[in-house]
Amino acid sequence: MGFPVGSLVAAPLRRLGAAGRRGWRRFRQQARRLLPQAVLLMYHRVADVRVDPWDLAVSPTHFAEHMALLRETYEVWPLTAYADRLRAGRPPHRAVVLTFDDGYIDNLTTAAPILEAEGLPATFFVPTGLLGHDTSFWWDALADCILHRRSLPAPLSLHDPGAPTEAPLRLSPPPPHDRDGRKRLYKRLWTLLSQRTPSHRAELLDQLCDATGTARTAPPSRRIMTASEVATLYQKPGMDLGAHAASHTPLRTLSPPAQRDELQQATRCLQALTGTAVPGLSYPNGAYNTATLKIADECGFKHACTTVGGAATWNTNPLTLPRLHVRNICASVLDEQLSRLLP
Ligand SMILES: [Zn+2]
């Protein structure tokens with residue numbers, strides 16, 4: 001929690017007038033430069049992809065440029081070392097931390113070799129209950145159904161098992177050339193599916209796959225790592241693992257006992273893979289509540305990452321670390337973003 005300095009100085013500043021306010025702003029800018037700041041970068045995939053509705057993929061070319069920039073210009077810290085210093089009240093100044101969510105295979109085959117070549121550490125958060133599954137993540141399967149198909153059946157009629165009424169959900173897909181219409185339909189269905197239980201979501205996805213002739217199996221380049229591949233990744237110098245819950249269900253949507261079950265499953269699996277207690281967690285979809293924080297602490301997690309943007313400061317709660325979502329941008333744009341966050 002920060003100190004409410006603004007409210008303490010607001011009245012005196014009003015009396016000082018414009019010059020006083022300018023002086024206060026300059027003072028604040030100077031003070032920020034002296035305070036420890038860190039940016040945790042959030043990557044998902046390192047791959048060339050054609051359709052990417054959530055900007056989860058960074059091309060290998062851009063990723064290599066990002067890593068070269070970070071090695072040359074910034075101080076990259078392992079997440080655990082950074083979080084240890086933060087908890088001890090001595091966070092490093094202008095640190096950058098690399099994290100990956102979801103456990104896509106390209107983390108091992110494409111990102112890790114580039115990280116190793118640059119000598120940079122990174123933490124990979126994996127949904128332990130999904131390791132080795134050959135089906136796509138539900139949001140990828142939905143994109144396959146809606147964004148990758150040339151034409152869609154019209155109307156698209158679905159039975160939504162989680163709906164309050166029995167009436168079928170009838171959707172009118174836009175024509176093939178209406179790309180924005182397709183994206184709107186994808187986002188509408190994404191919102192619907194994200195609100196359903198895992199079993200209801202799977203039922204809806206099966207109907208969508210059947211109706212559109214889409215395979216539920218992930219293509220080899222987009223599958224989730226197996227447990228042994230995750231262990232291989234962990235053996236590489238500088239590569240660390242963290243939990244991304246077990247089933248990738250947003251924890252906030254679960255009861256406290258179900259949240260505890262998710263986190264305990266994840267800790268047991270990662271302990272078996274690494275031989276040690278894993279201190280880091282990333283909340284699926286960045287979703288947590290006050291119960292999650294208590295349960296994460298009780299399950300032994302020392303630090304946890306959210307999807308809230310911005311820099312971490314000296315008084316950031318280690319269980320709610322912000323992260324910068326890195327999109328498929330060139331290194332100069334990333335440099336600008338980092339320069340703004342790390343004055
Ligand atoms: Zn995730």
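These legends walk through several close-up views of one predicted protein model. Residues are numbered from 1 along each chain, following the sequence as written. Because this is a predicted model, local features need pLDDT of at least 70 and side-chain atom pairs count only at pLDDT 80 or more, while totals for chains, interfaces and linings use all residues.

**View 1. Confidence along the protein.**
Let us start with pLDDT, the predictor's confidence in each residue, which runs from 0 to 100. The protein averages a pLDDT of 91, and 93% of the residues score at least 70. Over residues 1-9, by comparison, the pLDDT is below 50, and beyond near neighbours in sequence this stretch has two contacts in the model. Two residues are in contact if their C-beta atoms, placed from the backbone, lie within 7 Å.

Helices (H or I, at least four residues) and strands (E, at least two) are DSSP runs, numbered from the N terminus. A residue is buried if 20 or more other C-beta atoms lie within 10 Å of its own, exposed if 12 or fewer, and partly exposed in between, with C-beta atoms placed from the backbone. Gln37, Val39, Leu41 and Tyr43 point one way, Ala38, Leu40 and Met42 point the other way, and all are buried.
Which strands lie beside E1? Two strands pair if DSSP finds at least two bridges between them. With strand E5 (residues 95-101), E1 pairs in the parallel sense over six bridges, and Val39 has Val96 as its bridge partner there. Strand E12 (residues 312-313) pairs with E1 in the antiparallel sense over two bridges; in E12, Ala312 is the bridge partner of Ala38. Strand E13 (residues 324-325) runs parallel to E1 and is joined to it by two bridges, with His325 as the bridge partner of Met42.

**View 2. From E5 through E6 to E9.**
Follow the pairing onward from E5, which pairs with E6 in the parallel sense over three bridges. In E6, the bridge partner of Thr99 is Thr123. Strand E6 covers residues 122-126. Five of the five residues of E6 are buried, so this strand too is largely enclosed by the rest of the structure. Ala122, Phe124 and Val126 lie on one side of E6, with Thr123 and Phe125 on the other.
Next comes strand E9 (residues 239-243), where five of the five residues are buried. Met239, Leu241 and Ala243 point one way from E9, and Asp240 and Gly242 the other way. E6 and E9 pair in the parallel sense over five bridges, and Ala122 stands opposite Met239.

**View 3. Helices H5 and H7 side by side.**
This view shows H5 (138-146) and H7 (198-212). Their axes come within 9 Å and cross at roughly 25 degrees. Axes are lines fitted to C-alpha atoms, for helices over the stretch in contact, and angles run from 0 to 180 degrees between N-to-C directions. H5 and H7 are therefore roughly parallel to each other; angles under 35 degrees count as roughly parallel. On the H5 side, Trp138, Ala141, Leu142 and Cys145 meet Arg201, Leu205, Leu208, Cys209 and Thr212 of H7.

Most residues other than glycine have a negative phi, and most peptide bonds are trans. Where is the cis peptide bond? A cis bond joins Ala154 and Pro155, with omega about -5 degrees. Pro155 sits in the loop between H5 and strand E7 (156-158).
Arg94 has a positive phi of about 60 degrees although it is not a glycine. Arg94 belongs to the loop between helix H3 (79-87) and E5, and counts as partly exposed because it has 16 C-beta neighbours inside 10 Å. Asn285 also has a positive phi of about 60 degrees without being a glycine. The loop that holds Asn285 runs between strand E10 (280-282) and helix H10 (290-298), and Asn285 is partly exposed, with 18 other C-beta atoms within 10 Å.

**View 4. An exposed proline in a loop.**
Pro220 is found in the loop between H7 and helix H8 (227-235). Is Pro220 buried or exposed? Pro220 counts as exposed because it has 8 C-beta neighbours inside 10 Å. The C-alpha atoms of Pro220 and Leu321 are separated by 32 Å, and the two residues are 101 apart along the chain.

How values were computed:
Parallel < 35°, antiparallel > 145°, perpendicular 65-115°, else oblique.
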